[in-house]
Amino acid sequence: MTKVIIPLQDFRAQYESLRDEVAMALASVLERQDFVLGREVKELEEEMARVCGTRHAVACGSGSDALLLALMALDIGPGDEVLAPAFTFFATAAAPARLGARPVFADIDPASFNVSPGSAEKAAAGHARLRAAIPVDLFGQVADLEGIQAALGPGVALVEDAAQAILATRGGRLAGSFGRVGALSFYPTKNLGAMGEAGMLTTGDDELAGRLRRLRVHGEKQRYYHEEIGINSRLDTLQAAVLLVKLRKLEQWTTARECAAERYDRLLVQAGLAEPSATYPTPERPAVVPARTPAAGSRHVYHQYTIRAHERDGLRTALDAGGIRTGLYYPVPLHLQRSFAQFGGRPGDCPEAERAAAEVLSLPMFAEITPEQQQRVVESIAGFYGR
Ligand SMILES: Cc1ncc(COP(=O)(O)O)c(C=O)c1O
């Protein structure tokens, strides 16, 4: 018997609900032949500044470019040190490395998976050339950026990697608004996903915004007059047109994700697989549900619903055999990536990141997921553990 697949994310379901609006938005750009940094890009920038609660938003080619441009605008270069989490997507630490700076890896808090003020302070000790830090709002939950800034001091500029956290809040403040600069990604798998590559920078600093606008077009102030050396990271108008259509649904999709996360929490606890405030899995309680920041005004947008699991790899194989697709974000902590070997990371340097890499498993999560699909996921997990 063929099993009906439950995907990790279901782009087809989302597309079906938007097909006509997307077609019209794309046709409008095609009629105008206005392909790069066109009208919709400007409109998207205005909308995203509002969504993130910042004075400026500057569109660019991808979230990875946003991080690179942010550090370029802060004049980060050879000899500088930049703090980055040991547990995140590669791009966060690749940005400083690309500019000749040295990433300094910080361990994570085991409950939130984010860098904490304490872990940032510990990692920064002895690094006199630390000029910037890139805390990540991992899986859709805002890190304690105010605490991290206080721990590192005013001489360290914060770049908030909010790639996974559009619409998330902490203490009533929106993701993307905490640092000197925020970096967003619209990669297709993100909560607000383009139909290709796209990214955005957010900032409240007028001068920095102007510099970012120049840097994304090869440092040009006026056509063919280059003030400095930038990169080519201009956003396609077609992508902005798609994103404007999807942005109208984002609040509704985010609420649906929150409901789905609550349902997973409830089902996993009811099945005896998890207990609400555990940090690590045990043979008796083999799953750990994601922790939520208790602070008032905080919103987790569940870019991923990531559990910790006892015997994770066996569970993943069994779920896959049963037609349930899961994600592994991330299997290798960054201080142990081969391409960062030059920075001297050793096993044991960031024990929480290393443990998370061995235990995390992201379950199917998308706005359209049904209670029946979630029930099947949890029943399959229970089956693996013989419950
Ligand atoms: C935390 C984080 N930072 C940066 C990026 C880079 O974004 P992009 O894929 O748009 O380059 C991503 C997503 O891929 C991400 O998840």
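Visitor: Which residue of β4 is the bridge partner of Glu81?

Guide: In this predicted model, the bridge partner of Glu81 in β4 is Leu130. That pair belongs to a parallel pairing, in which strand β2 (residues 81–85) is joined to strand β4 (residues 130–133) by 3 bridges.

Visitor: In what order do the strands of the sheet that holds β2 and β4 follow one another?

Guide: The order is β1-β9-β8-β5-β4-β2-β3, an open sheet of 7 strands whose pairing is mixed. At its edges stand β1 (56–60) and β3 (102–106), and because each has a single partner strand, one side of each is left without a neighbour in the sheet. From one strand to the next, the twist averages 25 degrees.

Visitor: Which strands do helices α3 and α7 lie across?

Guide: Helix α3 (residues 39–52) lies across β1, β8 (181–185) and β9 (199–203), and its direction is at about 130 degrees to β1. Helix α7 (residues 145–152), for its part, lies across β4 and β5 (157–161), running at about 155 degrees to β5.

Visitor: How is the sheet that contains β12, β13 and β14 arranged?

Guide: This is an open sheet of 3 strands in the order β12-β13-β14, and the pairing is antiparallel. The edge positions are taken by β12 (287–288) and β14 (360–363), each of which has a single partner strand, so one side of each is left without a neighbour in the sheet. Helix α10 (residues 250–270) packs on this sheet, where it touches β13 and β14, and its direction makes about 25 degrees with that of β13. As for the pairing itself, β12 and strand β13 (residues 305–309) are joined in the antiparallel sense over 2 bridges, and Ala287 stands opposite Ala309 in β13.

Visitor: How should I read a nonpolar core, and which residues touch the most other members of the largest one?

Guide: The general idea is that in soluble globular proteins nonpolar side chains tend to be buried together. In this structure the largest nonpolar core has 53 residues, and those that touch the most other members are Leu44, Met48, Leu152, Ile166 and Phe186. Helix α9 (residues 237–247) supplies the largest share of this core, 7 residues. Both domain 1 (11–247) and domain 2 (250–384) contribute, with at least three residues drawn from each. A second, separate core comprises 28 residues, including Cys60, Ala66, Ala91 and Ala101.

Visitor: What does Phe186 touch, leaving aside residues up to four places away in sequence?

Guide: With those neighbours not counted, the residues that Phe186 touches include Leu44, Met48, Ile166, Leu192, Met200 and Leu243, and among them are also Gly193, Ala194, Gly196, Ala198 and Gly199.

Visitor: How many disulfides does the structure hold?

Guide: The structure holds 0 disulfides. Cys52, for example, is in no disulfide, and the nearest cysteine sulfur, that of Cys60, is 13 Å away, whereas a disulfide would require the two sulfur atoms to be within 2.5 Å.

Visitor: Are Cys52 and Cys350 buried or exposed?

Guide: The cut-off for buried is under 20% relative accessible area. Cys52 has a relative accessibility of 1% and therefore counts as buried, and Cys350, at 4%, counts as buried too.

Visitor: Where is the chain divided into domains, and how many residues of each are in contact with the other?

Guide: The protein chain is divided into domain 1 (11–247) and domain 2 (250–384). Taken over C-alpha atoms, the centres of domain 1 and domain 2 are separated by 24 Å, while 42 residues of domain 1 are in contact with 37 residues of domain 2.

Conventions: Residues are numbered from 1 along each chain as its sequence is written. This is a predicted model: local features need pLDDT of at least 70, side-chain atom pairs count only at pLDDT 80 or more; totals for chains, interfaces and linings use all residues. Side-chain values use heavy atoms; hydrogens and water are left out. Two strands pair if DSSP finds at least two bridges between them. Helices (H or I, at least four residues) and strands (E, at least two) are DSSP runs, numbered from the N terminus. Contact means heavy atoms within 4.5 Å. Axes are lines fitted to C-alpha atoms, for helices over the stretch in contact, and angles run from 0 to 180 degrees between N-to-C directions. A nonpolar core is a set of buried Ala, Val, Leu, Ile, Met, Phe, Trp, Tyr and Cys residues joined through side-chain atoms within 4.5 Å. Buried means under 20% relative accessible area, exposed over 50%, partly exposed in between (1.4 Å probe, protein chains only). Domain bounds come from an automatic or database domain assignment.
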